[in-house]
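User: I would like to learn how to read a model like this one. Could we go through it feature by feature?

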Amino acid sequence: MSSTAEGSARGRVDVEQVTFGYHRDAVVRDVSFRAPPGGFVGIIGPNGSGKSTVIKLISGLMAPWSGHIALDGTDVASLSRREIGRRVAVVPQETDMPFPFTVLEMVLFGRTPHLGGFAFEQERDLQVARSALERTGTLALADRPVTELSGGERQRVALARALAQEPAILLLDEPSAFLDIRHAVEMYDLLRALRDEGVTIVSTLHDLNLAALYCEHIVLLSEGTVYQQGAPSAVITYEHLTAVYETEIYVSMNEITNTLNVLPLDGRSRATLRSPASESSPSRET
Ligand SMILES: Nc1ncnc2c1ncn2[C@@H]1O[C@H](COP(=O)(O)OP(=O)(O)O)[C@@H](O)[C@H]1O
Ligand SMILES: [Mg+2]
């Protein structure tokens, strides 16, 4: 993709002391982190901790009550939707596709921010859309109505549409939620390849193993605030996860990937841990 090459110098995201709420109470408080161009940032945290809200704020859907969000140093609030659409593509948690457009038509919508006022798609737009279908393994679905897709297929089409936008920054909200283990890994392998091409990736993940495996920087949210952030090995620890998720979690090193593995402990194992007989806790490996 040509614009990702020029995108290697673009794609910086700065979130500075952002506070926001939907009603009277703030659900995101004083959140700060940054993604350098070509960075891979993961946002993790329990349900309701504010992950989706942070993604929506970066995409300019809502404006922070206080604090700033900048894309390449420009405040999102000062950019038009179209200007944002040329830099940022979003793969939302669930993609509503209520109209029976074909998959190809849906992916071509991703070109909208690049089209002139009344211009129709050109040959190059079709090429970009096709390449996006190929990379997401959805080319065979090109002529299918999107209304007939499975949740996992819809999610890959949503990623294809985002790629057709040729963004410098890709925001994803739990993109692998509907994917089986193979398609989840394929999606994150693709995201990593895009990162290598200079695209900045900011993704929320509920799968902590995928977060440990793919992200360079992890932001752990707890009740709307940043509990910890840093390298996966510094954030994904027994102490942090057990405190934030409020359940015992077993963290160990995977010798093949050299990244951390995270397992929840079932009630029976938690009871064993708590009994005075258990000397060394296996969950404290890291
Ligand atoms: N559209 C909305 N209107 C009102 N409250 C919302 C809305 N979306 C999310 N919230 C609330 O904001 C908080 C954070 O939600 P969210 O960002 O979706 O968390 P997460 O993605 O981590 O599960 C939750 O308490 C949630 O109920
Ligand atoms: Mg969410």
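User: In which loop does threonine 138 lie?

Analyst: Threonine 138 lies in the loop between α5 and α6 (151-164). Helices (H or I, at least four residues) and strands (E, at least two) are DSSP runs, numbered from the N terminus. This is a predicted model: local features need pLDDT of at least 70, side-chain atom pairs count only at pLDDT 80 or more, and totals for chains, interfaces and linings use all residues. Residues are numbered from 1 along each chain as its sequence is written, chains are lettered from A and ligands numbered from 1 in the order in which they are written, and side-chain values use heavy atoms, with hydrogens and water left out.

User: Is threonine 138 buried or exposed?

Analyst: Buried means under 20% relative accessible area, exposed over 50%, and partly exposed in between (1.4 Å probe, protein chains only). Threonine 138 has a relative accessible area of 1%, so it is buried.

User: Which side chain does the side chain of threonine 138 make a polar contact with?

Analyst: A polar contact is a pair of N or O atoms within 3.5 Å; within protein, one must be able to donate a hydrogen and the other to accept it, and residues adjacent in sequence count only if both atoms are side-chain atoms. Here the partner is the side chain of threonine 136, at 2.9 Å.

User: How do I read the sides of a helix?

Analyst: An α-helix has 3.6 residues a turn, so residues three or four places apart point the same way. Take α5: Asp125, Val128, Ala129, Ala132 and Leu133 are its buried residues. They cover an arc of only 140° around the axis, which puts them on the same side of α5. That arc is taken from the directions from the helix axis to the C-beta atoms. Glu123 and Glu134 are exposed on the other side of α5.

User: How many residues of helix α2 are buried?

Analyst: Six of the eight residues of α2 (residues 51-58) are buried, so the helix is mostly covered. They are Lys51, Thr53, Val54, Ile55, Leu57 and Ile58. Glycine 60 follows α2 and has a positive phi, near 80°.

User: Which residues other than glycine have a positive phi?

Analyst: Aspartate 30 is one of them, with phi near 55°. It is found in strand β2 (residues 28-35) and counts as partly exposed, at 47% relative accessibility. Glutamate 223 has a positive phi of about 50° too. Its place is the loop between β9 (217-222) and β10, and it is exposed, with a relative accessible area of 61%.

User: Which residues surround ligand 1?

Analyst: A residue is near a molecule if one of its heavy atoms lies within 4 Å of it. Around ligand 1 these are Tyr22, His23, Val27, Pro46, Asn47, Gly48, Ser49, Gly50, Lys51, Ser52 and Thr53.

User: Which atoms lie by the oxygen atoms of ligand 1?

Analyst: A polar backbone atom of glycine 48 is 2.7 Å from an oxygen atom of ligand 1. For an N or O atom in the side chain of lysine 51, the distance to a ligand oxygen is 2.8 Å. A polar side-chain atom of serine 52 also lies 2.8 Å from an oxygen atom of ligand 1. The protein covers 60% of the 560 Å² of accessible area that ligand 1 has on its own. Accessible areas come from the Shrake-Rupley method with a 1.4 Å probe; for residues, only the protein chains shown count as cover.
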